[in-house]
Amino acid sequence: MMTVQQLDVLRDQLKQELSSSSSNLQKVGQLLTQAKVGLIELGAFVPVAGKTDPNVLVTARDILEAGAYYSVRIKDIASFERYIAQLNTYYHDLASVLPPSTQMYPLIGLNLLRLLSQNRLSDFHTALETIDLDQLQSNQFIKQAVDLEQFLMEGSYNKVWSTRSTVQGEEFMFFYDILISTIRHEIASCSEKAYEYLPLNDASTLLFLKNTEELLNFANERGWKVNPAEQKVYFGTEDDSIVEIPQEQIITRTLGYARELERIV
């Protein structure tokens, strides 16, 4: 049976490997597996307040936090979601018996960004209800997600795009890029209904694509036809339904904002 001291050593090795500029993710995965066995043996994998040593609970929380970051590093979203579900017990149910964690709000903010990237707005608002009100605007990790959700509700996709330069950490960038991809496909779906075609430059600007090559790849993914001679992309949608005004307004406004943003930058 693993001792508390051995579990502490594993925890320290995990944190050191993850914080390294050249971290070995395979080694991190192996350490996590060993640590989980230790948590089970010490009764901390499913903790109960008053029955589990608080020091072991702190170590267990540290290990689960490392596991959450590791999951994003290997792009395993389902695993990240499971780690967050486990950590919620430590962050909320055991908050009265454990010291605060410096990784609590970064990981909560990361999870909020995940929910936005998956367009799970109902779950996003449910998660917000568990956060202290003073943290919603004062904590940078929480505020970032709250602001992004507000931009999405406004249809101000250009503002979502412009925040890219402020995103810090590869874990946050991972979910941010998924969010941008989700937005890009939403704009594309509206464009297919609103227009027969668009000039290549306008289409690239509208979809937040950096160059023609990216546009060509995206057009191929959507089944669009690009005419290089005319410098136009034809959407080729077979949907002849009447275009709703809000869709066209959003596209026009986004395109205008994006052009303005280009001039400012």
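Mentor: Helices (H or I, at least four residues) and strands (E, at least two) are DSSP runs, numbered from the N terminus. The expected span of a helix is 1.5 Å times one less than its number of residues. This is a predicted model, in which local features need pLDDT of at least 70, side-chain atom pairs count only at pLDDT 80 or more, and totals for chains, interfaces and linings use all residues. Residues are numbered from 1 along each chain as its sequence is written, and side-chain values use heavy atoms, without hydrogens and water.

Trainee: How many residues has helix H1, and what is its reach?

Mentor: Helix H1, residues 4–19, has 16 residues and reaches 23 Å from its first C-alpha to its last, close to the expected 22 Å.

Trainee: Which residues of H1 are buried?

Mentor: Buried means under 20% relative accessible area, exposed over 50%, and partly exposed in between (1.4 Å probe, protein chains only). In H1, the buried residues are Leu7, Leu10, Arg11, Leu14, Glu17 and Leu18. They lie on the same side of H1 because they cover an arc of only 135° around the axis, taken from the directions from the helix axis to the C-beta atoms. The face turned away from that side carries exposed Gln5, Gln16 and Ser19.

Trainee: Where is Arg114, and is Arg114 buried or exposed?

Mentor: Arg114 belongs to helix H5, residues 104–117, and is buried, at a relative accessible area of 3%. Contact means heavy atoms within 4.5 Å. Beyond its neighbours within four places in sequence, Arg114 is in contact with residues including Ile77, Phe80 and Phe175.
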